Amino acid sequence: MEEVANLAFRCGGNRVVRLDAPRDEAAVQAVFERCAAFNIVVEGRPPGPGAAREFFESAPGGWRAADVEKLGVYDRDGRLIGLIESVAGYPEPGVTHLGLLMLEPDAQGSGLGADLYRAYESWAASHGAERIRLGVVADNEAGHRFWNRMGFTETSRTEPLAMGEKIQTIRVMERDISASGAGAPPRAPGRASDR
Ligand SMILES: CC(C)(COP(=O)(O)OP(=O)(O)OC[C@H]1O[C@@H](n2cnc3c(N)ncnc32)[C@H](O)[C@@H]1OP(=O)(O)O)[C@@H](O)C(=O)NCCC(=O)NCCS
């Protein structure tokens, strides 16, 4: 199976697999459309018809899209339910930039995101990451709560930036995973979904 050949890591019964354009473009576009509420928080509008193409083509300044991991989260039934974008060595060696972690609404709120982040972090650490870095738009309060719970702290804020219909400040957050034991982000006590 092609997906297995491209496997990055597993999380419970879910598989996280390297995506490929144009093969996976329609499936990725469908995920963006199911995640319209998130796009509205970020850009003030639903995703456009080119959302998947932009995902595959996006890369931080000076990087080639080919050097950015575009990963898909497949559930145990083989359905694409989420996306991850990861850039090892950006913006400097030892740092891995988590450009996107997005689960479709039916997959949210049951602890999968937390499990997935922990699995992602172990995978990134095994590829040399000492710190994970990400940006959260100021309007994404739930996202900010989530990253706080995962052990991230804010390191800086950008100037206001035009993002679609909105002007957003981005909170840059980081988590140091180099110290011994830091590979296991905090777990909320007693949560049934912690696997
Ligand atoms: C951010 C995201 C990846 C988190 O994944 P998730 O699976 O929803 O995360 P969790 O389930 O661990 O936590 C989400 C909420 O569900 C709650 N929750 C988790 N497990 C639960 C359970 N078993 N029962 C009830 N509630 C639970 C959490 O307390 C949390 O509540 P909060 O919103 O009040 O903080 C996901 O919500 C998502 O993709 N959102 C849209 C995209 C996005 O914002 N990405 C981050 C951009 S920087």
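Helix α5 (residues 112-126) has 15 residues, which at 1.5 Å a residue should span 21 Å, and its end C-alpha atoms do sit 21 Å apart, in agreement. The expected span here is 1.5 Å times one less than the number of residues. Helices (H or I, at least four residues) and strands (E, at least two) are DSSP runs, numbered from the N terminus. The model is a predicted one, so local features need pLDDT of at least 70 and side-chain atom pairs count only at pLDDT 80 or more, while totals for chains, interfaces and linings use all residues. Residue numbers start from 1 along each chain as its sequence is written.

Within α5, the buried residues are Leu112, Gly113, Ala114, Leu116, Tyr117, Tyr120, Glu121, Trp123 and Ala124. Buried means 20 or more other C-beta atoms within 10 Å of a residue's own, against 12 or fewer for exposed and in between for partly exposed, with C-beta atoms placed from the backbone. These α5 residues pack against β1 (7-11), β3 (69-74), β4 (80-88), β5 (95-103), β6 (131-137) and α6 (141-149). After α5 comes Gly128, with a positive phi near 100°.

Now for the core. The largest nonpolar core holds 36 residues, and Val28, Val73, Leu83 and Ile84 touch the most other members. Such a core is a set of buried Ala, Val, Leu, Ile, Met, Phe, Trp, Tyr and Cys residues joined through C-beta atoms within 7 Å. Two or more residues each come from β2 (14-18), α2 (25-34), α4 (51-57), β3, β4, β5, α5 and β6, and α5 gives the most, with seven. Beyond its neighbours within four places in sequence, Val73 is in contact (C-beta atoms, placed from the backbone, within 7 Å) with Asn14, Val16, Ile81, Gly82, Leu83, Ile84, Leu103 and Leu116.

Val28 is also one of the buried residues of α2, along with Val31 and Phe32. Down the axis of α2, the buried residues fall within an arc of 100°, so they line one face of the helix. That arc is taken over the directions from the helix axis to the C-beta atoms. Their cover includes α3 (36-43), α4 and β4.

Then there is the ligand. It is surrounded by 21 residues (C-beta atom, placed from the backbone, within 6 Å), with Gln108, Gly111, Gly113, Ala114 and Gly143 the closest. Elements giving two or more residues to this shell are β5, α5, β6 and α6, and α6 gives the most, with four.

Note on methods:
Two residues are in contact if their C-beta atoms, placed from the backbone, lie within 7 Å.
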